[in-house]
Structure formats: C-alpha cells, structure tokens
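Me: I am new to this structure and would like to learn how to read its features. Could you take me through them one at a time?

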Amino acid sequence: MVYSESLAQQVRAILATELPPHVFEEEVEEKKMFGGLAFMVRGKMTVTVSSRGQELVMVRIGKEMEKQVLPKNGASVTVMKGRLYHGYIDLDGEGQKELPYWIKLALAYNHKLTQQDKK
C-alpha cells in the first residue's frame, strides 16, 4: 500500500481542524483500503489517500453534490477497475490545491449519512 505520508498528514490536519475535538479523537479511524489509507469518520469512508500512478485523494461527497461541483479543475469521478463510482471524486495534484474545500464537502456528506443512520 503506497501512499504519500505528507498528503495523509495534510488530511489529518484538516480533519482535526474541521471536526469537533471529541469526534476527531474518538470517531476518526484510519484503515488501509483502496490501495491506500482511508479515513473513516463515524464508521463511514470519507477521504482516501492513495497512489495509482500518481498521488491521489478520493473524497466521498455523494451523487447530488457531484453534479453541482463537476467539472472542476483537478477533480473527476472515481474510476476503479473500469467502473465509475458516482458520488466519489478523485483529486489530482491540481484538485488537491483545494483540499480543505473538498474535505469540507466530504464531511458534510458524512454528517448527512450518519444522521440518516440514526433514524
């Protein structure tokens, strides 16, 4: 599993800033998956750092938000094994320049998902 530790550290720092301290400390888990390191928030995959020929960040923002933000420079729908994964966005180097923006979208979607689970 190859991924950029410095990119993973950037994701950690943004999550620590955007989440309440108790959520960051108690409900963020790092798991090796998708050929990289996934950041699970409240049990849901939210952000993944990986390397598929280049350093990538994948954010889970949901299909509705995807329609609103694409096309945006450096961002594209995730493709794995030739299949489009709508609601998941790959960020190349250009897209990673706006990493806090994308992680905020992913956290908003995560919050929506976890609230639905409580119903």
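Reply: Start with a term: a salt bridge is a side-chain nitrogen of Lys or Arg within 4 Å of a carboxyl oxygen of Asp or Glu. This is a predicted model, in which local features need pLDDT of at least 70 and side-chain atom pairs count only at pLDDT 80 or more, while totals for chains, interfaces and linings use all residues. Residues are numbered from 1 along each chain as its sequence is written, and side-chain values use heavy atoms, with hydrogens and water left out.

Me: How many salt bridges does a search of the whole structure find?

Reply: The search finds six. In one of them, the side chains of Lys104 and Glu18 meet at 3.9 Å, N to O.

Me: Where in the chain do Lys104 and Glu18 lie?

Reply: Helices (H or I, at least four residues) and strands (E, at least two) are DSSP runs, numbered from the N terminus. Lys104 belongs to helix H5 (residues 99-118) and Glu18 to helix H1 (residues 5-18), so this pair links distant parts of the chain, 86 residues apart.

Me: Which residue forms a salt bridge with Lys67?

Reply: Glu64 does, with the closest N and O atoms 3.6 Å apart. Because they are three residues apart in helix H3 (residues 63-69), about one helical turn separates Lys67 and Glu64. Both Lys67 and Glu64 are exposed.

Me: What does the salt bridge of Glu98 and Lys72 tie together?

Reply: The two side chains meet at 3.4 Å, N to O. Glu98 is in the loop between helix H4 (93-96) and H5, and Lys72 is in the loop between H3 and strand S5 (75-80), so the pair ties together parts that are 26 residues apart in sequence. Glu98 has a relative accessible area of 32% and Lys72 one of 27%.

Me: Which residues are linked in a network of salt bridges?

Reply: Glu5, Arg12 and Glu30 are linked in such a network. Glu30 also has a bridge partner in strand S2, namely Phe39.

Me: How do strands S1 and S2 run?

Reply: Two strands pair if DSSP finds at least two bridges between them. Here S1 (residues 28-33) and S2 (residues 36-41) run antiparallel and are joined by six bridges. Their hairpin has two residues between the strands, and Phe34 takes a positive phi near 55°.

Definitions and conventions:
Buried < 20%, exposed > 50% of the residue type's maximum accessible area, 1.4 Å probe, protein only.
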